[in-house]
Every structure is written in C-alpha cells, then in structure tokens.
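User: Can you take me through this one? I have a few quick questions.

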Amino acid sequence: MLPFNKTLIIIPTFNEIDNIERMITTLFDMHKGVSLLIIEDGSPDGTADVVKKYQEKFPENLHMIQRTGKLGLGTAYVTGFKWALERDYEFVFEMDCDFSHDPKQVPDLLEAAQTNDLVIGSRYIDGIRIINWPFRRLLLSYLASIYTRFVTGIPVNDTTGGFKCFTRKALQSLNLDNIISKGYIFQLELNYKVWSQGLSVKEVPIIFYERRDGESKMAGGIIFEALFSVLQLRFYKMIGKLNS
C-alpha cells in the first residue's frame with residue numbers, strides 16, 4: 001500500500017472559490033489518509049472560509065496557512081515545505097487547485113517516489129500531453145523547456161511543470177532560504193538544485209488540463225524571469241554557489 005498517511009499535498013490558492021470545495025472533497029475521497037495544506041494568499045472571494053468549513057470535517061488532515069496578499073508561487077511553496085519539514089511527512093506534493101493536475105494521478109507520482117528523490121508529472125514525455133491550450137502558449141512552454149535544458153543540462157523534458165512529489169530527503173537537500181525565483185521558473189530551480197546534488201529525478205507522464213474555472217495565476221514577466229534566472233542558475237553552479 002502507498003504511504004498516504006505520510007504524504008502532504010500543498011496547494012497555493014488565490015480566488016479559487018470555484019474549485020476549492022471540489023478539490024478538497026475529491027482528494028480526501030480518493031486518497032484516504034493523505035494530508036492537505038492550503039497556502040491561502042488573502043483571496044477576497046471567500047476561499048479561506050470554505051477551507052475553514054471543511055477543517056471542521058477534516059480537523060487532522062486539512063491545514064491552512066493564511067497570508068496577506070499575493071506573495072508569489074515560490075514563496076507559497078517554500079512556506080509549505082518548511083511547514084512539512086517541521087512535521088513527519090515523508091512525501092510532499094506540489095499541486096494546483098484548478099484541476100489542471102488530475103487528483104487521480106497522485107498515486108502514480110507517489111509510487112515513483114518510493115524509489116526516487118523527486119518525481120515530476122511530465123507534460124512532455126510519451127508525446128505532448130496538454131488539453132485545451134492555445135497553440136501559441138503550448139509552443140512557448142515547449143520552447144522554454146528546450147531552452148532550459150540546453151542552458152542547464154538537466155535531463156528533464158518538462159522543466160517547469162508544477163505537479164510533483166518531493167521526498168523528505170530532497171527537500172532537506174535544499175536551502176529554502178536561498179531561492180532565487182518567485183514565479184514559475186521556481187519549478188526549474190528546485191529541479192535543477194535537486195538534480196545537481198546527485199539525487200534521482202524521474203518524470204511520470206501526466207495529462208495536463210487547462211483550467212475551466214477561476215482565474216489563471218500566470219502573470220506577465222515570466223518570460224523575462226525565465227531567460228535571466230536560467231542563466232543565473234547555471235552561473236551559480238559553475239562557481240559552486242548553487243545550493244549555498
């Protein structure tokens with residue numbers, strides 16, 4: 001049996017009133033024993049109120065950290081990682097609230113994490129596995145992965161995917177107080193730092209669905225951050241300061 005009782009799923013939220021109730025009930029119905037940590041960035045739509053309501057039903061497994069304002073995806077996950085390491089979780093997931101990451105595939109990643117340090121739900125192995133993205137966005141994402149692989153040398157097809165499972169060992173290998181990126185390139189940074197220390201990274205094929213409800217957290221400036229952060233990461237590795 002998979003160790004769901006040692007597993008934490010971290011989900012950052014901002015204005016997810018259309019998705020949060022269904023996500024909570026779906027995860028707990030499908031995966032008995034799993035824990036869920038919501039990092040709530042002051043949603044004005046009442047997302048936090050829904051979480052609080054369900055905390056009464058799941059007091060031991062549903063947790064929430066409330067922050068004021070949108071402080072960035074990277075800082076949300078770092079907050080969640082630190083919270084997890086202060087407790088006895090052995091497997092820690094990143095996951096979106098909008099059902100772009102299918103809750104049914106959590107066991108696929110968790111099973112692979114029994115023998116690997118970091119497992120990435122990949123949109124780009126066994127073909128391109130993305131549903132309902134416009135061609136321009138798909139092309140941009142695919143080219144970004146090619147660019148980051150070329151610059152860093154990391155043998156990962158989906159370098160910026162946000163559905164993944166870290167082992168406790170992988171998280172402990174990271175200096176969480178020295179994360180360069182705040183946006184979506186944060187995903188590459190963590191992958192690169194884990195891989196650079198000789199830990200095992202495995203990709204598992206997933207199907208990625210474009211969100212149907214709520215609003216996207218994709219913001220402008222991501223392309224520029226990606227271009228420069230990738231070079232910065234490569235430079236830090238060259239001078240031996242990547243994980244310092």
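Predicted model: local features only at pLDDT ≥ 70, side-chain atom pairs only at ≥ 80, totals over all residues.

User: Start with helix α1. Which of its residues are buried?

Analyst: Helix α1 spans residues 20-30, and its buried residues are I20, M23, I24, T26, L27 and F28.

User: Changing topic: which residues make the nonpolar surface patch?

Analyst: I128, F135, L139, Y142, L143 and I146 make the patch, which comes to about 570 Å².

User: Where is I128?

Analyst: I128 sits in the loop between β5 (118-122) and β6 (130-131).

User: Now the backbone. What is phi of N15?

Analyst: Phi of N15 is near 55 degrees, a positive value in a residue that is not glycine. N15 belongs to the loop between β1 and α1.

User: Is N15 buried or exposed?

Analyst: N15 has a relative accessible area of 15%, so it is buried.

User: And F99, what is phi there?

Analyst: Phi of F99 is near 70 degrees, again positive in a residue other than glycine. F99 lies in the loop between β4 (91-94) and α4.

User: Why does F99 count as buried?

Analyst: Because its relative accessible area is 12%, and buried means under 20%.

Definitions and conventions: Residues numbered from 1 in each chain as written. Heavy atoms only, no water. Buried < 20%, exposed > 50% of the residue type's maximum accessible area, 1.4 Å probe, protein only. Helix = DSSP H or I, 4+ residues; strand = E, 2+ residues; numbered from the N terminus. Patch = residues over 30% accessible without salt bridge, like charges linked within 9 Å, V, L, I, M, F, W, Y side chains within 5 Å. Areas by Shrake-Rupley, 256 points an atom, 1.4 Å probe, with all protein chains shown as cover. Salt bridge = Lys/Arg side-chain N within 4 Å of Asp/Glu carboxyl O.
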